[in-house]
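Try each one yourself before reading the solution.

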Amino acid sequence: LEWIQPPVAVAHPLDDGTAAALSQSMPETCATLGEDGNAWQALMEPFARHWDALAEELLQPMLHLPRHPFLLGRFGWLALQSAAGLARRTFRGEMARALFAGLAAHSFLPLEAAGSASFGLVLGLAGHAVGWPLPRGGSQKIADALAAHLRELGGTLETDRLVTDVREFERERAVLLDLTAWPAARVAAGRLPEGYRRRLERFPHGPAVFKLDYALDGPIPWTAEACRRAGTVHLGGTLAEVAEGERRVARGELPARPFVLLAQQSLFDPSRAPAGKHTAWAYCHVPRGCTVDCTAIIESQIERFAPGFRDRVLMRRASDARALAAGNANLDGGDISGGANDLWHLLARPALRLVPWRTPARGLYLCSSSTPPGGGVHGMCGFHAARAALARELR
């Protein structure tokens with residue numbers, strides 16, 4: 001497994017042809033933010049310097065005795081605020097506000113929601129501390145490496161087998177379900193107490209996404225140079241525009257100018273496309289279960305910052321909420337986050353329990369993004385579920 005670090009983790013362009021660029025270098029990042037460079041550094045650097053300690057706190061269960069209480073308390077004071085409020089109070093110009101808004105929009109929350117600032121802070125700090133790396137050869141390489149390690153330890157893997165009832169594993173000491181709350185409720189219905197099963201079924205969803213995969217005749221013709229050096233590009237314009245789009249999605253509406261997250265890994269990994277060609281993917285946030293074709297509004301946002309993009313498209317594949325759920329039952333209604341990310345449901349995920357990965361059924365655990373610390377490319381849901389199982393069932 002080999003990791004590639006793009007020069008810029010994420011770029012956020014504006015209509016004047018410029019772009020904010022988050023990279024591991026604090027000075028280089030601040031140089032793209034104009035008058036707010038010093039404010040960005042003052043916000044991020046105290047935590048970036050202590051990233052390892054802070055990450056240890058943040059990737060633990062929400063209810064725990066902190067090893068670094070003052071660091072966590074200082075972070076928590078900022079993280080509990082709304083992203084829009086923190087950005088407007090901290091920054092004077094549109095560039096830094098827009099960059100922070102795009103980071104916070106990964107929460108799928110309205111940017112006025114309490115706690116939405118935490119996502120902007122964590123993703124920004126991760127960009128400075130460790131970057132936003134991508135695996136050479138595609139994300140399948142991560143699964144391949146984990147599978148190879150499991151086999152080296154003597155484990156076995158069985159695929160292409162549909163499991164509809166966990167009772168077929170009743171003789172096993174521990175069963176870990178990498179299922180979001182809703183399919184878990186179905187598969188484990190015969191073992192779970194009725195009250196807990198109903199809580200799983202009622203666990204609130206987050207919004208969905210509409211995704212496009214592209215085969216391109218060349219690199220995306222971004223106006224801003226920073227976008228041509230970025231692994232990820234956030235498209236949504238100013239803080240006010242991003243906030244308006246996320247607000248509409250939360251109300252069940254489809255915004256005309258949605259926030260778009262675009263990844264262009266083939267710029268840095270030639271194995272992703274034939275020589276001279278490129279690939280990319282993009283998605284926008286939509287209401288849960290939305291089946292509207294959002295191709296036009298996504299491509300309008302791309303064209304806005306990369307005129308001539310459509311001329312580079314050789315082929316596109318669209319996936320709405322229904323298609324995403326058909327391909328992966330965990331993406332119920334197109335929700336890729338494993339459920340709502342508001343403050344209460346980050347704590348009570350999927351129900352308020354001292355050990356949230358342990359179900360009331362002996363030996364049965366949840367290890368999906370419907371458990372703390374929630375959705376994201378971190379693997380910590382499974383890590384904590386495994387530790388819980390080792391502590392009780394497998395000692």
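**Exercise 1.** In which sense do β8 and strand β9 (residues 278-286) pair, and over how many bridges?

First, some ground rules: this is a predicted model, where local features need pLDDT of at least 70, side-chain atom pairs count only at pLDDT 80 or more, and totals for chains, interfaces and linings use all residues. Residues are numbered from 1 along each chain as its sequence is written, and side-chain values use heavy atoms, leaving out hydrogens and water.

*Solution.* Step one: β8 and β9 pair in the antiparallel sense over 4 bridges (pairing takes at least two DSSP bridges between two strands). Strands here are DSSP runs of E, at least two residues long, and helices are runs of H or I, at least four long, numbered from the N terminus.

Step two: look at the other partner. Strand β7 (residues 230-235) also pairs with β8 in the antiparallel sense, over 4 bridges.

Step three: follow A263. T232 stands opposite A263, and in β9 the bridge partner of A263 is W281.

Step four: check the side chains of β8 (residues 260-263). V260 and L262 point one way, L261 and A263 the other, and all are buried (under 20% relative accessible area, 1.4 Å probe, protein chains only). In a regular strand, side chains alternate between the two faces of the sheet.

**Exercise 2.** Which residues of α3 meet which residues of α7?

*Solution.* Step one: find helix α3 at residues 51-58 and helix α7 at residues 117-129.

Step two: W51, L54 and L58 in α3 meet V122, L125, A126 and A129 in α7 (heavy atoms within 4.5 Å).

Methods:
Axes fitted to C-alpha atoms, helices over the stretch in contact; angles between N-to-C directions. Buried < 20%, exposed > 50% of the residue type's maximum accessible area, 1.4 Å probe, protein only.
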